[in-house]
Amino acid sequence: MTATHPNDIEFRRVVKRYGAVTAVTGIDLAVPRGAFVALLGPSGCGKTTCLRMIGGFEQPSEGEVLIRGEAMTGVPPYRRPVNMVFQHYALFPHLDVSANVAYGLKQMRPRIETGEIARRVAEALEMVRLDGFGGRRIHELSGGQQQRVALARALVNRPAVLLLDEPLAALDKKLRTAMQIELQSLQRNLGITFVLVTHDQEEALSMSDLVCVMNAGRIVQMATPREIYDRPADLFVADFVGKTNILDASVVASGRARLADGSMVAVAPSDRVGAATVAIRPEAIRLARKAAGDLTGTVTNRIFLGATAEYAVRVPGVGDLLVTADHHATSKSDLIEPGEAVALTFDPGAALVFPARSSA
Amino acid sequence: MRALVTAVYVFLYAPIALVVLFSFNAGRHASEFTGFSLQWYGKALSNPFLTEALLNSLIIAFTSAGTAAVFGTMAALGLERLGPRTRAVFDGLFAAAIVVPGVVIGIATLVALVEVFRFVNPVLTFLWPGDTPPKAGLGFFSIIAAHGLFSLALVTMIVKARLASLGRDIVEASSDLYATPFTTFRSIVLPQIFPAVAAGFLLAFTFSFDDFIVAFFVAGSKTTLPIYVFASIRRGVTPEVNAIATMVLVSSILIIAVARLLLTERRAS
């Protein structure tokens with residue numbers, strides 16, 4: 001029965017309270033088998049608490065957590081078919097690399113024979129490209145290598161679900177990108193369900209099949225990365241995932257809005273009429289030198305980023321807008337200088353309408 | 001200023017150096033050095049009263065330090081699980097046990113034990129089926145108990161410091177990797193804290209082995225090495241006493257050095 005259960009993890013009305021503080025407020029969640037799910041949110045949103053409840057390090061105050069259809073209430077961590085990669089790796093400093101990786105296999109009953117353990121440890125080390133490192137001491141390894149030992153130590157047990165608690169936070173940017181690719185291909189090849197906790201939206205979007213955005217102990221939106229980015233459920237998601245311009249506006253009719261300076265712009269169709277907030281991604285705005293149009297402003301700042309350039313544009317009465325332009329599409333001289341007057345245009349479908357900020 | 005510092009050090013260490021020097025004296029007077037000899041070491045080690053006192057001291061030190069190492073470690077592990085308030089109370093009590101002067105521990109233990117004996121011995125006499133009931137009294141047990149108080153607190157403090165740096169996550173990692181709490185303790189926690197336990201044992205051992213004040217109150221008719229030395233110098237300081245002092249000094253320094261090594265080596269890795 002467990003083998004055919006479609007969801008590796010389910011949360012049913014899970015609440016977690018610490019004294020008077022509620023960390024998780026009645027969450028329902030289903031993680032389909034074989035998926036790579038990212039729990040994304042600012043610190044204190046309850047994402048790590050959720051992960052720890054799957055691992056068994058915390059017990060829900062209300063509701064239940066199911067792994068492969070089985071309720072885990074009262075089941076200690078050492079009896080759960082999941083393994084965790086800890087934020088600071090939590091490798092055993094008095095054991096060498098092989099002994100760290102073999103640790104889980106040695107606890108299994110019925111016992112696995114020594115030769116089989118050695119074979120699987122070697123296989124796991126090869127999988128994380130650490131073959132030949134078995135005899136090393138933990139403190140002899142670099143941060144990236146320790147990270148891979150932690151990964152091997154968890155994956156060697158072939159868990160139903162691999163839990164990753166901000167696994168890349170301690171690595172430098174270049175190593176982080178390499179590990180992101182490595183994690184993604186490992187997950188695809190092994191077919192093991194991964195649940196990743198991160199506060200880094202880029203990491204969540206780039207690696208996972210499903211992103212679960214959390215805020216203040218609730219799930220705000222769970223969808224594919226593309227959908228999260230293009231169709232954020234609310235202003236929080238729009239603001240937290242990627243950069244976004246948030247403008248106060250008043251919708252006069254579906255698809256027409258008046259901005260704070262009085263100018264009329266075309267926006268995405270909505271049922272809402274009256275006070276609203278409009279969110280536009282910086283890359284959805286185009287700049288033109290001709291200082292005439294619905295929306296005009298002055299470039300106040302330019303940040304050159306290599307492939308793109310970011311402009312800060314001050315639109316009187318509306319505020320400062322961030323615009324990302326791909327400057328390779330135009331000639332070099334087309335970099336707009338601070339001080340120049342520009343016209344801003346955007347596709348109406350990219351200007352999403354949300355409830356006004358004060359009522360949100 | 002330099003001269004003052006030198007004077008202080010001379011005042012502190014010259015007597016000790018003299019004790020060591022005169023333990024190698026060939027002559028029998030403590031005031032004039034007449035030549036190098038190991039004869040006093042031989043005399044000391046063949047003195048039956050002294051070897052008995054030495055044996056007593058070793059048994060007491062070993063037992064009290066061993067008991068303290070086991071129970072002190074258990075106490076340190078138990079304290080980890082308490083709430084912050086209860087924990088602060090017990091931390092305070094352990095710290096207090098270390099600073100209580102030996103005289104106070106000695107008197108307190110003596111008074112308490114005498115009271116206990118006064119209550120227990122008639123009961124024992126009443127319950128004992130034979131003619132000669134055992135009589136609880138001062139001796140090994142009372143010295144071990146008195147030393148254990150200080151030693152237990154010492155071990156607890158040292159192990160607690162080590163536990164604090166252990167980190168909860170490797171314990172959780174072990175649990176996550178299917179290890180039962182007992183296996184986690186045996187294969188993760190114990191190897192990590194073992195140097196601290198061993199260091200605590202060694203420090204407790206030297207404390208008990210060198211202690212005179214506490215033992216003097218509660219020893220009853222038993223003679224420990226420091227008590228023997230105290231008794232024998234009343235007949236004058238002989239080179240034999242110097243030899244004993246030198247041996248105790250050297251072994252204490254060695255044991256404490258090992259304990260320090262155990263505590264610092266772990267901190268580095």
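Biologist: What makes Asp209(A) and Arg188(A) a salt bridge?

Modeller: In this predicted model, the closest N and O atoms of Asp209(A) and Arg188(A) are 3.0 Å apart, and since the rule asks for a side-chain nitrogen of Lys or Arg within 4 Å of a carboxyl oxygen of Asp or Glu, the pair counts as a salt bridge. The two residues come from distant parts of the chain, 21 residues apart, with Asp209(A) in the loop between helix H6 and strand E9 of chain A and Arg188(A) in helix H5 of chain A.

Biologist: Why is Asp209(A) called partly exposed?

Modeller: Its relative accessible area is 30%, and because buried means under 20% and exposed means over 50%, a value in between is called partly exposed. Arg188(A), with a relative accessible area of 45%, is partly exposed by that rule too.

Biologist: Is Glu10(A), which meets Arg12(A) in a salt bridge, buried or exposed, and how do you know?

Modeller: Glu10(A) has a relative accessibility of 13%, so it counts as buried, the limit being under 20%. Arg12(A), at 37%, is partly exposed, and the side chains of Glu10(A) and Arg12(A) meet with an N to O distance of 3.2 Å.

Biologist: Why are Glu115(B) and Arg118(B) said to be separated by about one helical turn?

Modeller: Both lie in helix H5 (residues 102-127) of chain B and they are three residues apart, which is why the separation is given as about one helical turn.

Biologist: What makes Leu4(B) count as exposed?

Modeller: Leu4(B), which has its place in helix H1 (residues 2-22) of chain B, reaches 54% relative accessibility and therefore counts as exposed. Leu4(B) belongs to a nonpolar patch on the surface, whose members include Met1(B), Val5(B) and Ile16(B) and which has about 860 Å² of accessible area together.

Biologist: Why do strands E13 and E20 of chain A stand at the edges of their sheet?

Modeller: The open sheet has five strands in the order E13-E12-E11-E14-E20, with antiparallel pairing; strands E13 and E20 each have a single partner strand, so one side of each is left without a neighbour in the sheet.

Biologist: How do you know that strands E11 and E14 of chain A pair?

Modeller: Seven bridges join these two antiparallel strands, and because at least two bridges are needed, they count as a pair.

Key
Residues numbered from 1 in each chain as written. Chains lettered and ligands numbered in written order. Predicted model: local features only at pLDDT ≥ 70, side-chain atom pairs only at ≥ 80, totals over all residues. Heavy atoms only, no water. Helix = DSSP H or I, 4+ residues; strand = E, 2+ residues; numbered from the N terminus. Patch = residues over 30% accessible without salt bridge, like charges linked within 9 Å, V, L, I, M, F, W, Y side chains within 5 Å. Areas by Shrake-Rupley, 256 points an atom, 1.4 Å probe, with all protein chains shown as cover. Buried < 20%, exposed > 50% of the residue type's maximum accessible area, 1.4 Å probe, protein only.
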